[in-house]
Amino acid sequence: MKLKQRVVLLAILLVIFIFTKVFLIDNLDTSAANREDQRAFHRMMTGLRVELAPKLDHTLQSPWEIAAQWVVPREVYPEETPELGAVMHAMATKKIIKADVGYKGTQLKALLILEGGQKVVFKPKRYSRDYVVEGEPYAGYDRHNAEVAAFHLDRILGFRRAPLVVGRFVNLRTEIKPVATEQLLSTFLTIGNNTCFYGKCYYCRETEPACADGDTMEGSVTLWLPDVWPLQKHRHPWGRTYREGKLARWEYDESYCDAVKKTSPYDSGPRLLDIIDTSIFDYLIGNADRHHYESFQDDEGASMLILLDNAKSIRVSTWNRLNYLKNGVLKSALKFAMAHDPISPVLSDPHLDAVDQRLLSVLATVKQCTDQFGMDTVLVEDRMPLSHL
């Protein structure tokens with residue numbers, strides 16, 4: 001049997017293995033809503049494999065036009081995306097026609113314009129796959145591979161609120177420097193035989209540049225959301241204070257949650273449940289630093305909380321999806337989803353194991369709440385259709 005045939009067979013066996021684990025999940029509710037959750041989960045699993053290829057079904061459209069048409073108030077991309085591989089292939093391969101310093105923030109990034117006028121955000125590699133950052137959960141640099149993994153986790157959880165991300169290798173000497181702005185170019189330097197840059201950001205320092213391997217730098221590119229969907233920034237109600245020794249109100253006030261639920265936009269609509277979904281997402285990826293979040297402007301709380309730079313009541317659909325992913329299914333699904341990324345393997349096995357362990361902690365925490373307060377209090381049925389928005 002040829003190697004390619006073996007790979008295809010192994011992929012099919014992996015999908016069958018994952019499906020088998022899903023079907024063996026016990027104590028599943030058989031209500032119509034929960035059956036739809038199961039069907040949605042199976043659809044996601046069958047479409048999990050994304051092979052990067054240049055072919056587009058819509059020959060008269062660019063990949064950027066297709067991705068822009070996907071965006072609506074409650075999702076960044078639709079459930080079924082046959083063109084996803086083509087869009088991500090374009091992100092990973094299209095010629096860079098301009099490079100500039102990244103937008104404001106705490107971490108190093110570059111803003112790239114790809115052929116066809118599409119903006120993407122490039123985050124450089126700062127750590128090896130198995131490097132462990134010591135200290136607080138928010139210590140250290142951003143991990144470029146974490147951006148890739150977070151996008152695929154967003155797909156697996158069925159949120160569809162994270163912009164598209166794919167790994168990419170760039171040659172700093174031949175692809176970036178010739179098209180770089182003076183501002184970005186002024187931050188380039190050479191250390192040994194490696195080309196480096198430190199960019200412009202709150203924590204960017206000449207003494208802490210990101211360095212390529214020679215001229216070739218590994219990183220991630222995140223697709224810029226269409227300009228017709230301007231973003232609005234909000235203070236996260238459960239953010240930290242950033243002042244040593246000073247607690248945030250939620251850390252000492254037992255009535256804080258009730259106060260939040262009486263405050264716009266959390267007193268109606270889906271925003272509070274989006275916050276909770278995002279808290280679970282952040283815990284799974286190890287993000288302890290979402291002090292702000294973004295939504296689309298003038299949405300009156302109706303649009304999604306957008307997962308950029310990526311327990312109270314919880315959605316029934318989210319709870320069901322989390323249960324489908326236990327018993328090692330989440331780790332297997334993530335590994336399978338990221339297998340064709342240009343920088344694969346995206347995560348090391350210890351990181352994948354950690355995500356599985358965090359999932360068990362989430363499930364245990366929610367179960368503790370349901371045992372104490374009852375299922376009807378903790379689990380909220382919220383299935384907002386997209387068609388009316």
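Student: Which hand does the link of C201 and C204 have, judged by the angle about the S-S bond?

Tutor: Please keep in mind that this is a predicted model. In general, a disulfide is a covalent bond between the sulfur atoms of two cysteines. Here a disulfide joins C201 to C204, with 2.0 Å from S to S. The angle about the S-S bond is 105°, and the link of C201 and C204 is right-handed.

Student: How many disulfides are there by this rule, and what is the pairing of the bonded cysteines in sequence order?

Tutor: The count is two, and the pairing reads 1-4, 2-3. In the other bond, the sulfur atoms of C196 and C211 lie 2.1 Å apart. C196 belongs to strand β6 and C211 to strand β7, 15 residues apart. The torsion about their S-S bond is about 105°, so this disulfide is right-handed.

Student: Is C196 buried or exposed?

Tutor: Buried means under 20% relative accessible area. C196 has 0% and therefore counts as buried, whereas C211, at 33%, is partly exposed.

Student: In what order do the five strands of the open sheet run?

Tutor: The order is β1-β2-β3-β8-β4, with antiparallel pairing. The edge strands, β1 and β4, each pair on one side only. From one strand to the next, the twist averages 35°. Helix α4 packs on the sheet and touches β2, β4 and β8. Helix α5 also packs on the sheet, where it touches β3, β4 and β8.

Key:
Residues numbered from 1 in each chain as written. Predicted model: local features only at pLDDT ≥ 70, side-chain atom pairs only at ≥ 80, totals over all residues. Heavy atoms only, no water. Pairing = 2+ DSSP bridges. Helix = DSSP H or I, 4+ residues; strand = E, 2+ residues; numbered from the N terminus. Axes fitted to C-alpha atoms, helices over the stretch in contact; angles between N-to-C directions. Contact = heavy atoms within 4.5 Å. Disulfide = S-S within 2.5 Å. Buried < 20%, exposed > 50% of the residue type's maximum accessible area, 1.4 Å probe, protein only.
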